[in-house]
Amino acid sequence: MRRTTGILFATTLLALGLSACAPQSEDAAKPPVPSTTQTTDAPETDAPQADATPAERADALCTAGSADGDRACVVTGQKVTGDLSFEGYDIVKLIDSTFDGTVAAGGLRDLVVTGSQVGGDLSITRTQGVVVKLTTVGGTLDISDAQHATLVKNTVGGDLNCDGVRANGTGNEVTGTTSCALR
């Protein structure tokens, strides 16, 4: 009896092992088809809307980014579509980000743009201190009505204009004309 039980046990194990290694039928090999009624709970974002104004897009970025209170805006590591207009902040910092449209900033205490790419123009006005460093501007870089500016190692596809602005800087590559007397 023991011998028969052992043979039956070994045969059962062998059968289970062979069935596990056997090729599956064609239907069993197909991945399951996802249901079309399935819903996802994706988190809502504060990303700028396509039909928003440039100022609304900028405000949405500032709200979503890190900031020191309501008067500071820090945008880091973002890829942004559309034009932007930053107004009404004390400080705006655009760091390591890509903007495919134009970027305008005005009425600020300080603006820092570093390690970023602006596909269109970068226009800065009525800003006390401006720092643009290691940034590529596809269009024109205009700075006007600012107390001082620092421009270091930027690439400008259009003109570089400083209207009545004391500017320091070095290593800028400008395709168009330059009206900035850099010290």
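How many bridges join β4 to β7, and do the two strands run parallel or antiparallel? Five bridges join them, and they run parallel. Keep in mind that this is a predicted model.

Let me stay with β7, residues 110-114. On its other pairing, five bridges join β7 to strand β9, residues 122-133, and these two also run parallel. Lysine 93 stands opposite valine 112 in β7, and aspartate 110 has glycine 129 in β9 as its bridge partner.

In a regular strand, side chains alternate between the two faces of the sheet. In β7, Leu111 and Val113 make up the covered face, while Asp110, Val112 and Thr114 make up the uncovered one.

Nonpolar side chains tend to be buried together in soluble globular proteins. Here the largest nonpolar core has 34 residues, and Phe86, Leu141 and Ile143 touch the most other members. Strand β11, residues 141-152, gives the most to this core, with five residues. Leaving out residues up to four places away in sequence, leucine 141 touches a set that includes Leu122, Ile124, Val132 and Leu151.

Now the charged pairs. Searching the whole structure gives three salt bridges. One is arginine 71 with aspartate 90, with the closest N and O atoms 3.1 Å apart. Arginine 71 is in the loop between α3 and β1, and aspartate 90 is in the loop between β3 and β4, so this pair ties together parts 19 residues apart in sequence. Arginine 71 is partly exposed at 43% relative accessibility, and aspartate 90 is partly exposed at 26%.

Another is arginine 126 with glutamate 87, at 2.8 Å between the closest N and O atoms. Since arginine 126 lies in strand β9 and glutamate 87 in strand β3, the pair ties together parts 39 residues apart in sequence.

There is also arginine 109 with aspartate 110, at 3.3 Å between the closest N and O atoms. Aspartate 110, from the uncovered face of β7, is partly exposed, with a relative accessible area of 29%.

Last, two serines. Is serine 97 buried or exposed? Serine 97 is buried, with a relative accessible area of 1%. It lies in the loop between β4 and β5, and its side chain reaches the backbone nitrogen of glutamine 78 at 3.0 Å. Beyond its neighbours within four places in sequence, serine 97 has contacts including Val75, Thr76, Gly115 and Gln117.

Serine 85 lies in strand β3. Its relative accessible area is 18%, so serine 85 counts as buried. Outside its sequence neighbours within four places, serine 85 is in contact with Pro54, Ala55, Ala58 and Ala104.

Note on methods. Residues numbered from 1 in each chain as written. Predicted model: local features only at pLDDT ≥ 70, side-chain atom pairs only at ≥ 80, totals over all residues. Heavy atoms only, no water. Helix = DSSP H or I, 4+ residues; strand = E, 2+ residues; numbered from the N terminus. Buried < 20%, exposed > 50% of the residue type's maximum accessible area, 1.4 Å probe, protein only. Polar contact = N/O pair within 3.5 Å; in protein donor to acceptor, adjacent residues only side chain to side chain. Contact = heavy atoms within 4.5 Å. Pairing = 2+ DSSP bridges. Core = buried A, V, L, I, M, F, W, Y, C linked by side-chain atoms within 4.5 Å. Salt bridge = Lys/Arg side-chain N within 4 Å of Asp/Glu carboxyl O.
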